[in-house]
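Work through the exercises below with the model open. Try each task before reading its solution.

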Amino acid sequence: MKKQAFNPFLPLNEYIPDGEPHVFGDRVYLYGSHDKEGGETFCMLDYTVYSAPVDDLSDWRCEGTIYRAGQDPDYGERKFMYAPDVVRGNDGRYYLYYCMSGEYGKGGYFGPISVAVCDSPAGKFEYLGFVRYPDKTPMKKYVCFDPGVINDNGTIRIYYGTQYIYDNDDDYIANEERVLEQASMFGKSRQEILDTPESVMGANMVVVGDDMLTVKGEPTRIIPYKTKGTDFEEHPFFEASSMRKVGSTYYFIYSSWLNHELCYATSPFPDRDFRFRGTIISNGDIGFNGRKAEDRLNMTGTTHGSIENINGQWYVFYHRLTHKSDYSRQACAERITILPDGSIPQVEVTSCGLNGKPLIAEGSYPAVIACNITNGKMPHGSNKIHKFSLPNVSSCGNERFVAEISSGTFLGYKYFSFRGNKKIGVTACGNGSGKIAVGIGMNENPIGEIPVFPSEVWTDFTAEISIPDGVYPLYLRYCGNGEIKIKNILF
């Protein structure tokens with residue numbers, strides 16, 4: 001019997017963000033960066049891959065460490081491997097593309113794009129080389145960052161780049177301070193910054209030959225760099241390039257300047273004429289049903305992911321933030337729909353994710369599968385660890401829980417299927433004393449309350465509450481003094 005799946009769908013002590021899902025054979029593989037639980041910077045661990053049968057997305061298997069940062073000759077000051085992608089080459093082997101970086105992203109824009117190879121999608125990969133020109137010099141045109149790769153009917157295309165606000169201003173070239181700042185950030189000379197048409201930044205594509213290393217021609221810019229007056233103006237490209245081909249249409253998935261959302265653009269061509277189409281998902285549900293940024297339902301921060309068709313169903317893979325930082329991110333996924341006109345309606349973040357149906361309201365669930373965690377004033381992450389108190393997914397030893405729950409904190413679980421439920425509870429501890437209001441609608445009146453009192457050890461607090469049969473979101477709102485932690489939800 002299949003297990004239920006929920007978000008995050010990997011083991012709760014695993015942190016694999018920047019997910020690139022790929023179906024190879026009868027399994028789906030999730031390639032991504034590898035964060036440390038409670039880490040101090042991005043991507044502190046070596047690449048680890050998980051896979052699952054395409055017909056059972058609850059059964060994820062760890063394939064182990066498939067590639068170590070120390071295998072790259074550039075390992076040293078830049079010792080962390082950022083968001084990778086894997087493609088099957090025309091020779092049937094599997095090629096891993098990635099870039100190295102230092103702490104907090106320092107040096108991560110210096111390039112080049114590195115490549116490793118393996119006979120199996122499950123690893124282990126061996127270093128092959130770097131993307132280069134025919135004369136063997138590194139291909140470092142524009143900014144080499146976040147490579148996404150596609151085998152387009154035998155043509156291997158690499159999409160990459162990043163983009164900041166710098167030279168969208170008309171007077172940029174005359175601003176020496178900003179020119180030098182950009183040169184320092186991207187490891188370029190002042191003259192290279194000034195001589196590159198438009199900018200060294202932007203979203204780019206380059207083709208490599210059958211050796212998977214040597215470029216065939218110069219990279220091309222795939223979407224407008226200057227976005228003012230274009231359909232990208234409200235959602236400009238920032239990073240996280242990923243390409244999928246659906247029928248004869250190319251889907252470019254990326255993270256926008258807003259940083260919390262995965263957007264997409266489409267074109268009948270792989271290298272030009274992309275038009276912005278919309279947002280697929282926001283890790284704060286911003287934009288979903290018109291939700292504004294100030295009403296975000298989670299702490300927001302970096303996002304990166306892509307879409308994949310698995311056993312006939314399309315999904316978007318993304319990540320959420322934990323530990324009050326951008327440095328401990330966990331893989332999540334949601335079902336999506338590609339409509340006949342090619343559009344993808346934005347979907348909300350949920351707790352049931354890959355399950356394909358609501359979770360059954362029986363037994364016990366980890367509290368950290370909450371898809372909404374908010375005190376009504378949640379911040380945006382942006383390359384930092386917040387020091388002030390705010391509700392968050394946290395850990396201590398082998399335990400994971402929602403911590404720093406103060407009065408007014410709201411936890412949401414979407415969705416549960418209720419049938420004959422007469423009791424609900426939580427496993428909690430802390431110095432807090434008060435009640436947890438239980439609701440089955442965000443703006444509806446509570447249907448009951450769970451009393452809680454101070455406890456130094458994990459304690460089950462339950463209440464007799466009749467929940468009508470049906471499928472509902474479950475909402476818990478703490479009201480009281482002090483702070484509590486919640487480890488489990490009990491039915």
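The exercises cover a sheet, aromatic pairs and charges over rings.

The model is predicted: local features need pLDDT of at least 70, side-chain atom pairs count only at pLDDT 80 or more, and totals for chains, interfaces and linings use all residues. Residues are numbered from 1 along each chain as its sequence is written, and side-chain values use heavy atoms, without hydrogens and water.

**Exercise 1.** Find the strand order of the open sheet of four strands, and its edges.

Solution. Strands are DSSP runs of E, at least two residues, numbered from the N terminus. Two of them pair if DSSP finds at least two bridges between them. The order is β1-β2-β3-β4, paired antiparallel. β1 (20-24) and β4 (61-67) each have a single partner strand, so one side of each lacks a neighbour in the sheet. Next, take β1 and β2 (residues 27-31): five antiparallel bridges join them. Proline 21 has leucine 30 in β2 as its bridge partner.

**Exercise 2.** Classify the ring pair of tyrosine 82 and phenylalanine 145.

Solution. Rings of Phe, Tyr and Trp (its six-membered ring) pair with centres within 6.5 Å; planes under 30 degrees apart are stacked, over 60 edge-to-face, the rest tilted. The whole structure has 34 aromatic pairs. Here the centres are 6.1 Å apart and the planes at 70°, so the pair is edge-to-face. The two residues lie 63 residues apart in the chain. Both tyrosine 82 and phenylalanine 145 are buried (under 20% relative accessible area, 1.4 Å probe, protein chains only).

**Exercise 3.** Which ring lies under arginine 272?

Solution. Require CZ of Arg, or NZ of Lys, within 6 Å of the ring centre and within 35 degrees of the ring normal. The charged end of arginine 272 sits over phenylalanine 269, 3.8 Å from the ring centre.

Note on methods
Buried < 20%, exposed > 50% of the residue type's maximum accessible area, 1.4 Å probe, protein only.
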